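Thank you all for coming. Please take a moment with the sequence and the structure before I start talking through how the parts meet.

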Amino acid sequence: MGIFDYFKSKSAPSSASVAKDRLQIIVAHERSKRHQPDYLPQMQQEIIDVIRKYVNIGSEDVQIQLDNTDDCSILELNVTLPEQN
Amino acid sequence: MAKIIVVTSGKGGVGKTTSSAAIGTGIALKGHKTVIIDFDVGLRNLDLIMGCERRVVYDFVNVINKEATLSQALIKDKRTKDLFILPASQTRDKDALTIEGVQEVLEELAKEFEYIICDSPAGIEKGAQMALYFADAAIVVTNPEVSSVRDSDRILGILQSKSKRAEDGKAPIEEHLLLTRYHPGRVALGEMLSVSDVEDILAIPLLGVIPESEAVLKASNQGTPVILDTASEAGLAYMDAVDRLMGEERPLRFLEVQKKGFIKRLLGG
């Protein structure tokens with residue numbers, strides 16, 4: 001760090017703190033997925049296939065999420081149906 | 001009963017083999033009979049770091065396939081009493097290691113050795129899973145850098161779910177964080193994650209911090225574990241880590257910025 005660095009703006013966060021923030025978010029996200037059962041991706045695909053038999057949707061129109069609380073697991077299924085013509 | 005310790009990281013190039021060699025040597029220096037096993041089948045390097053590459057005749061896979069006995073494959077370290085190395089094979093066959101084969105070798109080693117250090121390959125594939133499967137303790141080698149920290153967290157997840165201890169519902173693997181290539185000057189400038197940043201994210205007990213040091217490359221050039229270089233900060237930091245692993249209290253050191261003269265700082269040296 002030379003003399004000119006002292007004149008630079010001090011307001012920007014350091015790159016290390018940016019790294020820490022990014023890591024905390026991604027690690028928390030990946031940990032929440034860690035305890036998902038192995039069958040979830042396949043089940044998700046099959047649910048999409050069943051819905052597709054009746055409604056024309058893309059795979060991005062279905063969101064499936066499994067939330068585990070203490071003694072209760074909630075499978076949340078969110079389907080965006082196409083607009084009626 | 002032997003203690004099986006895996007040295008792992010997920011990411012490659014963070015210092016697993018350097019750390020396995022240093023820590024294995026350090027434990028043996030304390031008078032415990034120790035063996036270091038190279039699990040990196042196809043890319044063996046522990047032999048080079050330990051300086052015994054010209055003495056490899058038989059390897060881990062030969063023992064598993066019963067082409068050689070364990071005593072034929074074990075290489076006795078020339079410098080450190082009570083220390084042995086079991087080299088990996090250079091075969092390209094990734095399925096050379098089997099759970100049953102590894103278990104058999106570990107059980108036989110456990111009769112004779114107090115500590116078995118498993119030097120894991122990088123990645124989360126079969127080789128890495130095999131290295132950690134039977135472990136009682138894990139040393140997770142991490143650099144203060146985003147991809148290494150993330151991969152370490154990934155490996156922690158595997159330790160907690162895919163190890164024998166996890167599958168058998170036994171007490172979980174003891175986890176230890178070893179932070180390597182630490183640069184106190186860059187941490188002070190906010191350019192590198194600090195020890196406490198990494199501890200906050202990974203949330204496992206800290207075994208040691210190894211400062212970035214020229215001694216590490218010098219040691220590997222010469223085939224000498226860096227822990228034997230007692231004039232180097234890295235060597236001393238590894239010895240501290242071994243002491244902590246053995247349950248002794250050692251304060252952290254080499255974490256402060258070395259003071260530079262005013263003129264040097266002014267010129268940005």
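This is a predicted model: local features need pLDDT of at least 70, side-chain atom pairs count only at pLDDT 80 or more; totals for chains, interfaces and linings use all residues.

**Salt bridges between and within chains**

Let me begin with A:Arg31, which counts as partly exposed because its relative accessibility is 28%, where partly exposed covers the range between buried, under 20% relative accessible area, and exposed, over 50%, with a 1.4 Å probe and protein chains only. Residues are numbered from 1 along each chain as its sequence is written, chains are lettered from A and ligands numbered from 1 in the order in which they are written, and side-chain values use heavy atoms, with hydrogens and water left out.

What does A:Arg31 meet in a salt bridge? The partner is the side chain of B:Asp153, at 2.6 Å from N to O, a salt bridge being a side-chain nitrogen of Lys or Arg within 4 Å of a carboxyl oxygen of Asp or Glu. This pair crosses between chains, from helix H1 of chain A, residues 15-34, to helix H7 of chain B, helices here being DSSP runs of H or I with at least four residues, and strands runs of E with at least two, numbered from the N terminus. B:Asp153, for its part, counts as buried, because its relative accessibility is 1%.

Turning to the interface as a whole, 20 residues of chain B are in contact with 15 residues of chain A, contact meaning heavy atoms within 4.5 Å. The rule finds four salt bridges across this interface, and one further pair to look for is B:Asp197 with A:Lys20, at 3.4 Å from N to O. On the side of chain B that touches chain A, the elements that give two or more residues are helices H7 (146-161), H10 (195-202) and H13 (262-266) of chain B, and H7(B) provides the largest share, seven residues.

Within chain B, B:Glu174 forms a salt bridge with B:Lys3, their closest N and O atoms being 3.1 Å apart. Since B:Glu174 lies in strand E7 (residues 174-182) and B:Lys3 in strand E1 (residues 3-8), both of chain B, the pair ties together parts that are 171 residues apart in sequence. Finally, B:Lys30, B:Asp243, B:Glu248 and B:Arg250 are linked in a network of salt bridges, and over all chains the structure holds 19 salt bridges.
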